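User: I am new to reading protein models, and I would like to learn how to look at a helix and at pairs of charged side chains. Could you take me through them step by step?

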Amino acid sequence: MNLAQTPATIEASRRILDAAPLRCQYTEDCKHEVTHIDRNGFIYCADHGFTRRASGTSCRKMTAAELKKIKSGKPLGRY
């Protein structure tokens, strides 16, 4: 089986990433897009990010560059 990345497989991967946006990890049923990250690397929507911060866990809004990076499938550096 040849697993080489061809332009077609790269484009297919991009379509899959675009079709499956990142979702809030606070609850399984939350369908909002992510905007915040906590000190453990979990990502949350704005509402749940504020809830997480209110509970005493360090949680902040991600920068546009960080959002772009995780949406492309790349890991973030340490928070």
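Analyst: Let us begin with a term: a residue is called buried when its relative accessible area is under 20%, exposed when that area is over 50%, and partly exposed in between. Please keep in mind that this is a predicted model.

User: Which residues are buried in α3?

Analyst: The buried residues in α3 are Glu66, Leu67 and Ile70. As a general idea, an α-helix has 3.6 residues a turn, so residues three or four places apart point the same way.

User: Where do the buried residues of α3 fall when the helix is seen down its axis?

Analyst: Seen in that direction, the buried residues of α3 fall within an arc of 100°, so they line one face of the helix. That face packs against β2 (43-44) and β3 (59-61), while Ala64, Ala65 and Lys68 are exposed on the other side of α3. Just after the helix comes Gly73, which takes a positive phi of about 90°.

User: Now for the charged side chains: how many salt bridges are there?

Analyst: The general idea is that side chains of opposite charge can pair when their charged atoms come close. The cut-off used here is a side-chain nitrogen of Lys or Arg within 4 Å of a carboxyl oxygen of Asp or Glu, and by this rule the count is three salt bridges.

User: Which residue forms a salt bridge with Lys71, and what does the pair tie together?

Analyst: The partner of Lys71 is Glu33, and their closest N and O atoms are 3.3 Å apart. Glu33 lies in the loop between α1 (7-19) and β1 (36-38), whereas Lys71 belongs to helix α3 (residues 64-71), so this pair ties together parts that are 38 residues apart in sequence. Glu33 is partly exposed, with a relative accessible area of 43%, and Lys71 is partly exposed as well, at 39%.

User: In the salt bridge of Arg52 and Asp38, is Asp38 buried or exposed?

Analyst: Their side chains meet at 3.4 Å, N to O, and the pair links distant parts of the chain, with Arg52 in helix α2 (residues 46-54) and Asp38 in strand β1, 14 residues apart. Asp38 is buried, with a relative accessible area of 0%, whereas Arg52 counts as partly exposed at 22%.

User: What is the distance, N to O, in the salt bridge of Glu66 and Arg60?

Analyst: For Glu66 and Arg60 the distance is 2.7 Å, N to O.

Definitions and conventions:
Residues numbered from 1 in each chain as written. Predicted model: local features only at pLDDT ≥ 70, side-chain atom pairs only at ≥ 80, totals over all residues. Heavy atoms only, no water. Helix = DSSP H or I, 4+ residues; strand = E, 2+ residues; numbered from the N terminus. Buried < 20%, exposed > 50% of the residue type's maximum accessible area, 1.4 Å probe, protein only. Arc of directions from axis to C-beta. Contact = heavy atoms within 4.5 Å.
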